[in-house]
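Colleague: I am new to this one. Could you show it to me, and then let me ask how you back up each term?

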Amino acid sequence: CISVLLQTVLLSGALLTNVSASDSAIEAINVAILSAFAVVLLGFAGWLLHAFLIRRLDRYSHFICHHKARAAAQARLLKMQLSNRANNVFIDSDDLSDLDHLFDIVKTKVVALVAYLTRDTLRRPWCAGEI
C-alpha cells in the first residue's frame, strides 16, 4: 500500500513538470491516476471493515470447556453469570450439530477460553483438544 502511494506521488509530481504535452492530456492522466488511487483506497477501507467489524460479529467472547459428567450444571451456571457481563458465551453442549469443526471454532473464533477443571477434565480427549 505504501509503494502504491509513493508511486502515485512520484507520477503526479512527474506529470506536473514542464513537458510538451497539452494541459488536457496531463489532466486526463492525473484524473486516471487519482481514480486508481481512490479505488485502491476504497478497497483497503473495505478490507479493514471486513477484518475488524464483520469478523468480530461471529466470534464468541468466552468458551467454557468442562467435563460434562462432573461439571455440566456448574458450567451452565457459569455461562449464565458470564452472559450478564459478556455477550456470546459458548458451551459446546449448546450446539452439538457440528463437532467436526469444534476445535477450529475454539482456535479461531473464541476470545477467551474458560477451563472449568475437575478431576477428569484433562483426561477427556475433547476437553484436552479444546484447551
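Predicted model: local features only at pLDDT ≥ 70, side-chain atom pairs only at ≥ 80, totals over all residues.

Colleague: What makes β2 and β3 the edge strands?

Modeller: Start with the order. The open sheet has three strands, arranged β2-β1-β3, with parallel pairing. Strands β2 (89–91) and β3 (110–116) each pair on one side only, and that makes them the edges. The twist averages 25° from one strand to the next.

Colleague: How do you know that β1 and β2 pair?

Modeller: Pairing takes at least two bridges. Three bridges join β1, residues 60–66, to β2. That meets the cut-off, so the two strands count as paired. They run parallel. As an example of a bridge, His-62 has Val-89 in β2 as its partner.

Colleague: Why is His-62 called buried?

Modeller: Buried means under 20% relative accessible area. His-62 has 17%, so the term applies. This residue is found in strand β1. Its contacts beyond four places in sequence include Leu-82, Phe-90 and Val-114.

Colleague: What makes the link between the side chains of His-62 and Ser-61 a polar contact?

Modeller: The limit for a pair of N or O atoms is 3.5 Å. Here the distance is 3.1 Å, between the two side chains. Neighbours in sequence count only if both atoms are side-chain atoms. This pair is side chain to side chain, so it qualifies.

Colleague: Where does helix α3 lie?

Modeller: Helix α3, residues 68–85, lies across β1, β2 and β3. It runs at about 160° to β1. Its buried residues are Ala-71, Ala-75, Lys-79 and Leu-82. What covers them includes β1, β2 and β3.

Colleague: How do you know that the span of α3 is close to the expected one?

Modeller: The helix has 18 residues, and 26 Å is expected at 1.5 Å a residue. From first C-alpha to last, α3 reaches 24 Å, close to that figure. The helix also bends by about 30° at Gln-74.

Colleague: Why is Asp-120 called buried?

Modeller: The cut-off is under 20%. Asp-120 has a relative accessible area of 15%, so it is buried. It sits in the loop between β3 and α5 (125–130).

Colleague: What joins the side chains of Asp-120 and Arg-70?

Modeller: A polar contact of 2.8 Å. That falls within the 3.5 Å limit. The two residues are 50 apart along the chain, yet their C-alpha atoms are separated by 8.0 Å. Asp-120 also touches His-67.

Conventions:
Residues numbered from 1 in each chain as written. Heavy atoms only, no water. Helix = DSSP H or I, 4+ residues; strand = E, 2+ residues; numbered from the N terminus. Axes fitted to C-alpha atoms, helices over the stretch in contact; angles between N-to-C directions. Contact = heavy atoms within 4.5 Å. Expected span 1.5 Å × (residues − 1). Bend = angle between axes of the 7 residues up to and from the residue. Buried < 20%, exposed > 50% of the residue type's maximum accessible area, 1.4 Å probe, protein only. Polar contact = N/O pair within 3.5 Å; in protein donor to acceptor, adjacent residues only side chain to side chain.
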